[in-house]
Amino acid sequence: MTIDYTGLYINGQWSRPAEDATLPVISPTTEQRIGSVPEAAEADVDDAIDAARTALTDWASWTPAQRAEVLGRFADELELRSEDTATRVSSQNGMPISLARQFEGGFPPLLLRYYAEMATKQEDELRPGMLGGSTLVTRSPIGVVGAIVPWNVPQAITFLKLAPALAAGCTVVLKPSPETVLDAFLMADAAIAAGLPAGVLNIVPGGRDLGAYLVAHPGLDKVSFTGSTAAGRAIARTCGELLRPVTLELGGKSAAVVLDDADLIGNIESFFAATMLNNGQICWLGTRVLAPRSRYNEIVDTITDLAKNLTVGDPLSDSTQMGPLVSSRQRDRVEGYIEKGRADGGRITTGGGRPPNTERGWFVEPTVFADVQTDHTIAQEEIFGPVLAVIPYTDEAEAITIANHSDYGLGGSVWTADPERGAQFARNIASGTVGINAYSNDPTAPFGGIKNSGLGRELGPEGLASYQQLKSIYLDVR
Ligand code: NAD
C-alpha cells in the first residue's frame, strides 16, 4: 500500500495545491514507489507566507506559557506517531530503523518540550547603565522563518529549527527535501491534532528552485538552512543582498583522531556511531581517521574488522546497522569517490563494491581506505557514504596539522585513555564540535560549524536566541 496525499498543509488545513504536479517517493531499498505528495508551486509558497504573516501577529502576542501548552500537545501528538515517523523515514532514506526511532521518532518531541520550557523562563533584563539610568533589554520573535532541510535526518533537523522558532513566537514555512516528504506530512497530522493555530506552521514540498524562491521571498524575516555547502553559498548570497538573517548548517569532513593510548576495541560501538552512522550520511561524521604510526597496522585492522562485520541490509530490520544510500544518484557519487580514492593511491582494506545479495537497492559496501594522504580527494571532499579514509601521523603536532587541513570544521572526535588529554587536544581542532571517545550532540550544547561548514549555531539557548530580536529600551537617561 502506498501513502499518497492530495492536499498541502497551509494555513492549518489540507489545502488544494495551485498546480497538479506531484513528487513521487521511491524506496532506496526496493526501488519501488512508496508514496507521493503534491509538489508546491510558487503560488503555494505565496499562500504559505501570507498565512504565516497573518498568524504571526497573534502567535507572537501569546505568552511563552500559552505557546508552551500548545507545543506540549504537539509533542504529545508526535509521540503518538513516533513509530510511524521512524518507519516512514527509514522507508524513504534508508536510515536503519533502530536509529530512526531514536533520532526521528525521539528527538522532535524532546526538542519541542525543551525549547517551550526554556522560553517560559526568559525574562526581560534590566541592566544598570554605565552612564547613569538603566536599560531594559527585551526579546521578541524575529518573524516569519523559512526553514529548508535535507533528507538525511529530516525530522530531527526540522525540529532543530521548528522547536526554537515556534517557542520564540515565530511562524514557519518549511520546505522539506523531495526525497523525504512523507514524514513531514505526518508531522502536519500531529500539528492539526494538537490544535496548532492556523498559519503557525506551513509545509511546501519541492526542489531547489522552490527553495530559492522561498529564500528570496519579500515576506520572510529569516532563513534557516541545513544542506550542502554549495546550496548554502547560494542562499547566503541572496540573504546577503537582502540583509536577511540566516543560519547555515552545511557539509563536513571531520577528523576522528586516534591517540596512541586509545582503546578503540573497547569503544568500538561509539567509534562506529562517530564515523559511519546512518550509512555514512551525516554531516558531522569523522570520516577522516587519523592513526598514529606507532599503532597504525593494528588500528587499520580494527577499523577494517568493524566495517567488514557490519550488518548491511533492509533498514526496516531491527538488526540492520547499514542500509542503502538515499538515491541511485547518491550511490553513483559515492562510487565515484571510491574510484578516485583508488586512483590516488589509497589501499582498500575492506569493501569498495556493492554488497552481495542486494540485487535491488542502492547499497554500497562499508569501505575502508588505508594509506590515504591528507591532500587526496577522499581526505578533502565530503563523500556522504560509508567510506572511511585512514591517514597516518607521527606525533600530536602533525595530527593537529592534518586534522585542521580541511575547508570544513563541523564535527570531530578524539580517542584516548585519558579524557583530559583528549579535551586538551580537542581545543586545538578547528571545528564547532568535538567528542571525546564518542560523538553525540547534546540538545543543551550549541551545534554548528566554522569555515565551509556554516554560519551560526543551533541547539542550546543559542538556538533559541537565533529566532529572537533584541531591543534596548533606555530608561531614566538624563
Ligand atoms: P542540498 O543542499 O542539495 O539540499 C538541501 C535542501 O536545500 C533541500 O531541501 C533542497 O531542495 C534545498 N536546496 C538546494 N539548493 C537550494 C537553493 N539554491 N536554494 C534553496 N534551497 C535549496 O543537500 P542534500 O543533498 O539534501 O543534503 C546533504 C548535505 O547536507 C550534505 O552536504 C550534508 O553535509 C549537509 N548536512 C548538513 C548538516 C549540518 O547540520 N551541518 C546536517 C545534515 C546535512
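Quick housekeeping. This is a predicted model, where local features need pLDDT of at least 70 and side-chain atom pairs count only at pLDDT 80 or more, while totals for chains, interfaces and linings use all residues. Numbering runs from 1 along each chain as its sequence is written, and side-chain values use heavy atoms, with hydrogens and water left out.

So, where are the domains? Domain 1 covers 3–250 + 453–474, and domain 2 covers 255–442; the bounds come from an automatic or database domain assignment. Their centres, over C-alpha atoms, sit 31 Å apart. Into the contact (heavy atoms within 4.5 Å) go 30 residues from domain 1 and 29 residues from domain 2.

Now the buried area, meaning accessible area (1.4 Å probe) that two parts lose on being put together, summed over both. We get about 2,300 Å², with 58% of it on carbon and sulfur atoms. On the domain 1 side, Thr29, Trp151 and Ser453 supply 23% of the area buried against domain 2, more than any other three residues.

Last, charges. The rule (a side-chain nitrogen of Lys or Arg within 4 Å of a carboxyl oxygen of Asp or Glu) finds 1 salt bridge across this interface. Arg101 also makes a salt bridge with Asp318, closest N and O atoms 3.0 Å apart.
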